[in-house]
Amino acid sequence: MPSPVLPRSLKIGQRRYEVKVQRHVSRTTMGEVNYTYAFIRVATHSARTGRKFRHAEVRDTFWHEVTHGILWEMGHRLYRDEKFVGRFANLLTGAIESARFARREGRSEERLGGGAR
Ligand SMILES: [Zn+2]
């Protein structure tokens, strides 16, 4: 399922990860990264409650999984540390969503991610 809020794929180092947006990923997680098969899965709904995640939550989950992938690519010892990855990814998401670029001619201010922040 393509998503208007996420890319279809991206490269981390030399590896291109496919991004799969699905209703559920697992009962306990909102996302998953698979280093062997190079894909990232992100859920749109909670498997426990059925609640639809907000776009901001979906994007945060995506960048969380990207952060795991970057740290894995670096061979970093914290690549599976959920506390470190969670905080890092929250700050990364905030930086990306708040980024402001100079106007191109005839266009209003542009932002990445399409967030309202
Ligand atoms: Zn994680």
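The expected span of a helix is taken here as 1.5 Å times one less than its number of residues, and helices (H or I, at least four residues) and strands (E, at least two) are DSSP runs, numbered from the N terminus. The structure is a predicted model, in which local features need pLDDT of at least 70 and side-chain atom pairs count only at pLDDT 80 or more, while totals for chains, interfaces and linings use all residues. Residues are numbered from 1 along each chain as its sequence is written.

Confidence is expressed as pLDDT, the predictor's confidence in each residue, from 0 to 100. The protein chain averages 90, and 88% of the residues score at least 70. Confidence is lowest in helix 2, with a mean of 95, and highest in strand 1, at 98.

The sheet comes next. Two strands are counted as paired if DSSP finds at least two bridges between them. On this basis 4 strands form an open sheet with mixed pairing, in the order 1-2-4-3. Strand 1 (9-12) and strand 3 (31-34) stand at the edges with a single partner strand each, so one side of each is left without a neighbour in the sheet. From one strand to the next, the twist averages 20°, where axes are lines fitted to C-alpha atoms, for helices over the stretch in contact, and angles run from 0 to 180 degrees between N-to-C directions.

Strand 2 (residues 15-22) and strand 4 (residues 39-43) run parallel and are joined by 5 bridges. Strand 4 in turn pairs with strand 3 in the antiparallel sense over 4 bridges, and Glu32 finds its bridge partner in Arg41 of strand 4.

A residue is called buried if 20 or more other C-beta atoms lie within 10 Å of its own, exposed if 12 or fewer, and partly exposed in between, with C-beta atoms placed from the backbone. Since 4 of the 5 residues of strand 4 are buried, this strand is largely enclosed by the rest of the structure. The loop between strand 3 and strand 4 holds Ala38, which has a positive phi of about 55° although it is not a glycine. Ala38 is partly exposed, with 15 other C-beta atoms within 10 Å. Arg27, in the loop between strand 2 and strand 3, is exposed, with 8 other C-beta atoms within 10 Å. Its C-alpha atom is separated by 5.0 Å from that of Ala47, 20 residues apart along the chain. Leaving aside neighbours within four places in sequence, Arg27 is in contact (C-beta atoms, placed from the backbone, within 7 Å) with Ala47 and Arg48.

What covers the buried residues of helix 1? The covering elements include strand 1, strand 2, strand 3, strand 4 and helix 2 (82-98). Among the buried residues of helix 1 are Val58, Phe62, Trp63 and Val66. Helix 1 is followed by Gly75, whose phi is positive, near 70°.

Lastly, a nonpolar core is a set of buried Ala, Val, Leu, Ile, Met, Phe, Trp, Tyr and Cys residues joined through C-beta atoms within 7 Å. The largest has 16 residues, of which Leu6, Ile40, Val42, Phe62 and Val66 touch the most other members. Strand 2, strand 4, helix 1 and helix 2 are the elements that give two or more residues to this core, and helix 1 gives the most, with 4 residues. Not counting residues up to four places away in sequence, Leu6 touches Val19, Val21, Val42, Val58, Arg59 and Phe62. In soluble globular proteins, nonpolar side chains tend to be buried together.

Terms used
Two residues are in contact if their C-beta atoms, placed from the backbone, lie within 7 Å.
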